[in-house]
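Here are a few friendly notes to read alongside the coordinates.

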Amino acid sequence: MKTKSILLGMALAIMPAFSMADNNVKMVVGTYTDAGSEGLYSFDFDQENGTATELSSLKIDDPSYFTFSKNGRYIYAVSEKNNSLAVLNSIGFDPTKGTFSFMNSQLTHGADPCYVATNGKIAVTANYSGGSLSVFPILSNGTLDKPLVLMSSKKMGPNRTRQNQPHFHCTIFTPDNYILTTDFSGDRILSFTYNAKEKKLEDRGIAAHVRPGSGPRHLVFEPNGRYAYLMNELSGKVIAYQYKDGKLKEIQTVVADDAHAQGGADIRISPDGNFLYASTRLKGDGITIFKLGGDGSLRRVGVQKTGRHPRNFAITPNGKYLLVACRDDNTIQVYSRDKSTGMLTNTHQDIDLSHPACIRFYPEK
C-alpha cells in the first residue's frame, strides 16, 4: 500500500508538468529587416497564460510573409524585395526545439513577393509590384525547384495612386485545390488550377468581380470550405462569398474600416468557425470583429483598438488568444479572446520585436 501511495503521489506531481507542456505551442514570426531585425524568430507560446519565450532566430531578408508545409517540417518564406533579391526561401524547422535551418532559395522573377501558399506539391507566391504569380515545384527533401510558371496581369484600376500598375496581393489553395488570387489593381479574384503533368497553370476564369477601386487584398475560407471572405484594402470592406468549384458568389458586403483610411489588411476566422476578425491600418488602427452566421453572413459585433499598423495577426490553435503584429510599434500585442462573444482584451504581455509582419503557429497534428 505504501509503494502504491508513493507511485500515485509521483504521478500526480508529474501530471501538471505534462499538462503545462501540452499547453505550449511553437510560434514563428517574420519581420522586416530594415531596422536591424534578424528576419525569422521562433517562440514557445503558452496557450494557457499567454506568455511567450524566445527560442531561436534565422537571418533572412524581409520575410514579411511565410507559411508552414503541411507536415510542419518546412517553412516557405518570401524575401519581399523590389529587385533581383526577391526570392522564396525554403527553411527547415525543428518543432521540438524551434530551431531553423536554411535550405535553399529561388528567384521569384517578380518584384516584392508578399504572400505564399502551398499544397505540399507546389508553392505559389503573389508578387505585389511584379503583378504576377510564381509557381515552384517542391522537391522530396522540402527544397524548392526553379519556378516553372510566371502568370502576370496587365489590368489596372480607377485609383491612380494605388492601382496605377498591376498588383497581385494574395494567393490561396481552396479546399478542392483551386488556386484563387486577389488581383489588387484589377479589382477581381482570379481562379486557376495547376496541371502537374504539363507543369502549367490553367486559367479557370474570374472567380469574382469586385467593385472598382476596392483593392482586394486577403482571402480566407471558413473551416467547412463553403464560404470565403475577402478583405479589401482600399474600400475597407469585407465581402462574404458562397464558394463552389473555383467560383465565388457574393452574399454580403460590410464595412470594417470606419476611418476609411484605405488600409484594410489581414483577415482571419476563429478555429471554431464562429467569428471573423479583420485588421485595419493607417488611421484608427484596430481589429473589427464579426459574428459568422450559419448561412455565411456576417454581423458586426465590435472593434478592438490596437497598436500602430496591425499588418497581420494570428489566433492560437485553442482559440484563447489573438496576437497582433503591430509593425510600426515594434511589438506583438497579446489579446485574450472570449470564445462566446468574440471580444478581445489586451493582456499587456507584449512581445518586443522590430517590425513584426507575419505570425504563424506550428500546425496541429
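1. Between which strands does the loop holding Asp187 lie? Asp187 is in the loop that runs between strand E13 (179-183) and strand E14 (188-195), where helices (H or I, at least four residues) and strands (E, at least two) are DSSP runs numbered from the N terminus. Its phi is near 50°, a positive value in a residue other than glycine. Most residues other than glycine have a negative phi. At 5% relative accessibility, Asp187 counts as buried; the cut-offs are under 20% relative accessible area for buried, over 50% for exposed and partly exposed in between, with a 1.4 Å probe and protein chains only.

2. A word on the ground rules. This is a predicted model, in which local features need pLDDT of at least 70 and side-chain atom pairs count only at pLDDT 80 or more, while totals for chains, interfaces and linings use all residues. Residues are numbered from 1 along each chain as its sequence is written, and side-chain values use heavy atoms, with hydrogens and water left out.

3. His355 also deserves a look. Its phi is near 50°, a positive value in a residue other than glycine. His355 sits in the loop between strand E28 (351-352) and strand E29, and counts as buried because its relative accessible area is 19%.

4. Now the cores. A nonpolar core here is a set of buried Ala, Val, Leu, Ile, Met, Phe, Trp, Tyr and Cys residues joined through side-chain atoms within 4.5 Å. The largest has 53 residues, and Ile75, Leu180, Ile189 and Leu248 touch the most other members. Strand E5 (residues 74-79) gives the most to this core, with five residues. A second, separate core of 16 residues includes Phe45, Tyr321, Leu323 and Phe361.

5. Which residues line the largest cavity? They are Ser64, Tyr65, Cys114, His169, Arg217, His218, Arg311, Asn312 and Ala357. On a 1 Å grid over the protein atoms alone, a cavity is a set of points where a 1.4 Å probe fits but cannot get out, and lining residues have an atom within 4 Å of a point. The space in this cavity is about 60 Å³, a volume being the space filled by probe spheres set on the points, which are joined across faces, edges and corners. A search of the whole structure finds one cavity of 30 Å³ or more.

6. Arg217, one of those lining residues, lies in strand E16. Arg217 counts as buried because its relative accessibility is 2%. Its side chain is joined to that of Glu233 by a polar contact of 2.9 Å; such a contact is a pair of N or O atoms within 3.5 Å, where within protein one must be able to donate a hydrogen and the other to accept it, and residues adjacent in sequence count only if both atoms are side-chain atoms.

7. Asp328 is found in the loop between strand E25 (321-326) and strand E26 (331-337). Asp328 is partly exposed, with a relative accessible area of 28%. Not counting residues up to four places away in sequence, Asp328 touches Arg308 and His309, contact meaning heavy atoms within 4.5 Å. The side chains of Asp328 and Arg327 make a polar contact of 2.8 Å.

Technical notes:
1 Å grid on protein atoms, 1.4 Å probe; cavity = no way out; pocket = protein on both sides within 12 Å on 5 of 7 lines; lining within 4 Å.
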